[in-house]
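Here is a short report on pockets, a helix and a strand. Look at the structure first, then read on.

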Amino acid sequence: MASRLYCRCLAARSNVWGSIQGGRGLVTQAATAKRSLDEFEPSGPRMKTAVPGPLSLDLQKQLGEIQNVQSLNFFCDYEESRGNYLVDVDGNCMLDVYMQIASIPIGYNHPALMSIMTNPRNLSSFVNRPATGMLPPRSFTEKLLDGLLSVAPKGMKRVQTMACGSCSNENAYKGIFIWYRTKQRGHSDPTPEETVTSVINQAPGCPDLSILSFMGGFHGRTLGCLSTTHTKAIQKLDVPSFDWPIAPYPKLRYPLDQYARENAQEESRCLEEVEDLIVKWEKKGKPVAGIVIEPIQAEGGDNYASFDFYRKLRAIAKKHGSAFLVDEVQTGGGATGLFWAHEHWGLDDPADMVSFSKKMLTGGFFYKDEFQPDKPMRIFNTWMGDPTRNMFLSEVLKVIKQDNLLDQVKRTGHVMLNGLYDLQARYPHLLSRARGLGTFCAIDVKDEDSRNKLILKARNKGVVMGGCGTQSIRFRPALVFKEHHAHLFLSIFNDALAEMK
């Protein structure tokens, strides 16, 4: 069976990119890393079958005998994918406006990243994955300084690397609790009673502390993070959760500047509830050690509030002595037009911690000095991230700077958002609430079923999109997504909308 599928896969590929791009291979890409990415891209989508196609369906059936495939969309041919275009195993070439759930910063197989793989000096980094918390490689500090710390959020000069967004937030929560208890004691040394009770899940070693989060927020699927994730029931069903406060997130009308008065009232209501919850949980004996929030609620429906809302929320956290964690797992890395979405807020002291992953290619969190544990193994796992991802990130940051990609994001985002406004005016029975910052955009469809059908219809026409919330479509193109890509996307999206009843 496997042999038959492998042969069919080779036949299906038939070197799609050989016909589109004159047969350029990855080795050639690496040798010409400084050439324009546009040289390696097709002029548009090229569809051969419906998606998923026959080979993808065969592979799905085979994988289904090994693991759950109910969330699987289709199988991809990443070797043949280029720039903003994703190729599947059936040879379909699609404009990708979703980019692996916002995770590909500069497109597929970017020459600058391919060059890392062909440099023999990097081989040992890929062959050996060190336990960096105990045995880091010689270049580890240098790579952090050149990469992550070169884009550190304002007021932060420390970073802890992790593997993914969930473990980034999970360990940031731990850091908040350690900081809070140290503050309560007045020192970091635990009492003998705390030491003994901690290993049997009892107070005072395991104190009743809480993290305040918001309805519609998504901060990960690990056990602690799930207590702050409030999107889909399927993510939390049957899993125990902590008794932590959940604040209402403002339900606003977009564009924000057209509904400023009524939105301000809604934001004020939610901020009052935040303060009430902090007081209530303090009285319950579960003080709020920290507040976590996304600059834009991605999984929860691409909701965002006015910058004034976040400024006032930051002030509330300071007033009550709670840490303020900004979750930039999906928004970080430039998609909103600034490297960090919270930079839009204009605060001198915007956060105590900032978590990241996705477009940053590695996970982790930045933090202020006072959140540095003074004992070993308090924030620890075997790998503590992956040094090779830091190598890739350094190259991504060079490309962002050299190609002025943040300015590109602003220009392309302007085209995208205006195009979405136009489409919702053309199809008011289907679309509403177009919104976004940079290319981090979304639009609502009239209901969930119509949203899902529209995503599939657009995919079969050559555009990959993703859903979020109950009825939204979110757009997450790479930073190399240009104005002509946006116009092409809007044209195909319009064709799909025209076929909707």
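## Pockets

A pocket is an open set of points on a 1 Å grid over the protein atoms alone, with protein on both sides within 12 Å along at least five of seven lines; its lining residues have an atom within 4 Å of a point. A volume is the space filled by probe spheres set on the points, which are joined across faces, edges and corners.

The second largest pocket has a volume of about 940 Å³. Its lining has 28 residues, and K174, F177, G205, C206 and P207 are the closest to its centre. Helix α9 supplies the largest share, 8 residues.

The largest pocket has a volume of about 1,600 Å³. It is lined by 44 residues; S71, N73, Y98, I101 and R474 lie nearest its centre. α16 gives the most to this lining, with 6 residues.

## Basis of the model

This is a predicted model: local features need pLDDT of at least 70, side-chain atom pairs count only at pLDDT 80 or more, and totals for chains, interfaces and linings use all residues. Residues are numbered from 1 along each chain as its sequence is written, and side-chain values use heavy atoms, without hydrogens and water.

## A buried strand

Strands (E, at least two residues) are DSSP runs, numbered from the N terminus. Buried means under 20% relative accessible area, with a 1.4 Å probe and protein chains only. Strand β3 (residues 158-162) is largely enclosed by the rest of the structure, because 4 of its 5 residues are buried.

Two strands pair if DSSP finds at least two bridges between them. β3 and β9 (residues 363-367) pair in the antiparallel sense over 5 bridges. Q160 stands opposite F365 in β9.

Note on methods. Buried means under 20% relative accessible area, exposed over 50%, partly exposed in between (1.4 Å probe, protein chains only). On a 1 Å grid over the protein atoms alone, a cavity is a set of points where a 1.4 Å probe fits but cannot get out, and a pocket is an open set with protein on both sides within 12 Å along at least five of seven lines; lining residues have an atom within 4 Å of a point.
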